[in-house]
Amino acid sequence: MDHPHVTLSPQADLQRRRLIQAAGLASVAGLSPWALAQGKPPTAQVNTTKLAITDTEVTVGQLHSATGTMAISETGAIQAEQLAIDQINAMGGILGRKIKVIKEDGASDWPTFAEKSKKLLINDRCAAVFGCWTSASRKAVLPIFEKENGLLYYPTFYEGLEQSKNVIYTGQEATQQILYSLDWAKTEKKAKTFFLIGSDYIWPRTSMKIARKHVENFQKGKIVGEEYYPLGSTNFGSLMNKIKLQKPDCIFAAVVGGSNVAFYKALKAAGITGDKQLLVTLSVTEDEMTGVGGDNFKGFYSSMKYFQSLDNENNKKFVAAFKAKYGKDAVIGDVTQAGYLGPWLWKAAVEKAGSFDVAKVTAASPGIELKTAPEGYVKVHANHHLWSKSRIAMGMPDATFKVVAESPDLIEPNPFPKGYQ
């Protein structure tokens, strides 16, 4: 079929010649004319370390427990990270490239996390990985990320005492979560004696070590009990007797994953309820509440930086988008929200760096702020943690949380606090 003859104006003809000329230059630079038309930098320029990046796509990894005892806690992060990636792709991606995700299941097993991180970094050449929940899984993958110069966005509140050039920590560290909640218990609830309870691995043990030092050395209070239970444990009968014997002003808990369900059911069965006993936990979010149940947790308190009920415009949009994608009954917990921040912070750092190279992205990260964060506002510190607020909320019978206290200002992250080592 003959094409009708079109006469171009001098300006249009000049534009056409420039495009043809640019296309020729682009092919020399290894950039397709299509990529050039999209106004994006050439792949060779934004990827000097052989990551899985093409003219149209950038590959990232997701590494969480989709199965096992930690799935109750990690599923939300998987969903939120995917939501952020979908939203970024709908806006045109990053540096003109759509994000492709490779999902791996750490299966609540630390050696599996290590093995899968090797696959994502060495075989799949992922430009970034969003993953892990427990500190045990993070510690298992950390040497691999550092050796291979990978980039991990880690969404869980954790014990601090760590800083890596290869990790951006989007959850709270200990001083932002633990110290704030202990001070609240003392000031607002007049608590002087504390009973510490945790799952038996690095995060709860280190958190309780910090809590003990804070109570004894700084608050001049007393620890009247300290107990740890294996991950996945469901037998808390003897613990209830110990609590009843000691009568602490405050139970301070860091039980994780599926064990929470058995723990709070045991408390209720023993008559240890929120109307009679102050309990502050570091590890029950809306995600765990789906298993624990509002009846078993009502009147107890959780210390987090984010709750689904936060009343701000950013959060309303986030909750609406999350429920539109995952169903009206989907719930959003603290780590879910911190997971959602990961892809957005990565996007901002890549665009600031003008490159996907890990060294350039991490160098560009400090000072990046996210004004659209559902929790309100966050900013990346030079130590790769986030400035954020701390909050305490009470569990309600319908399994939601009511925020009762909030730090007046953003709390500066301090992963290596003096006097707590």
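**Close-up 1. Helix α9 passes helix α10 in a right-handed crossing.** The model shown here and in the other views is predicted. Helix α9 covers residues 237-246 and helix α10 covers residues 259-269; their axes come within 10 Å and cross at roughly 50°. That angle makes α9 oblique to α10. On the α9 side the meeting residues are L239, M240 and I243, and on the α10 side they are F263, A266 and L267. Sorted by class, this contact has six nonpolar residues, with no polar and no charged ones.

**Close-up 2. Helix α7 packs against helix α8 at an angle of about 45°.** Two packed helices are described by the angle between their axes and by the distance between those axes. Here the axes of α7 (residues 174-189) and α8 (residues 202-218) are 10 Å apart. The angle makes α7 oblique to α8. The crossing of α7 past α8 is right-handed. From α7, the contact is made by A174, Q177, I178, L179, L182 and D183; from α8, by W203, S207, I210, A211, H214 and V215. These residues divide into eight nonpolar, three polar and one charged.

**Close-up 3. Cysteine C126 is in no disulfide.** For C126, the nearest cysteine sulfur belongs to C132 and is 13 Å away. C126 is buried, with a relative accessible area of 3%.

**Close-up 4. Cysteine C250 is buried.** The relative accessible area of C250 is 0%. Residues count as buried under 20%, so C250 falls in that class.

How values were computed
Residues are numbered from 1 along each chain as its sequence is written. This is a predicted model: local features need pLDDT of at least 70, side-chain atom pairs count only at pLDDT 80 or more; totals for chains, interfaces and linings use all residues. Side-chain values use heavy atoms; hydrogens and water are left out. Axes are lines fitted to C-alpha atoms, for helices over the stretch in contact, and angles run from 0 to 180 degrees between N-to-C directions. Helices (H or I, at least four residues) and strands (E, at least two) are DSSP runs, numbered from the N terminus. Angles under 35 degrees count as roughly parallel, over 145 as roughly antiparallel, 65 to 115 as roughly perpendicular and the rest as oblique. A crossing is left-handed if the near helix is turned anticlockwise from the far one by less than a right angle, and right-handed if clockwise. Contact means heavy atoms within 4.5 Å. Ala, Val, Leu, Ile, Met, Phe, Trp, Tyr, Cys and Pro count as nonpolar, Asp, Glu, Lys and Arg as charged, and the others, Gly among them, as polar. A disulfide is a pair of cysteine sulfur atoms within 2.5 Å. Buried means under 20% relative accessible area, exposed over 50%, partly exposed in between (1.4 Å probe, protein chains only).
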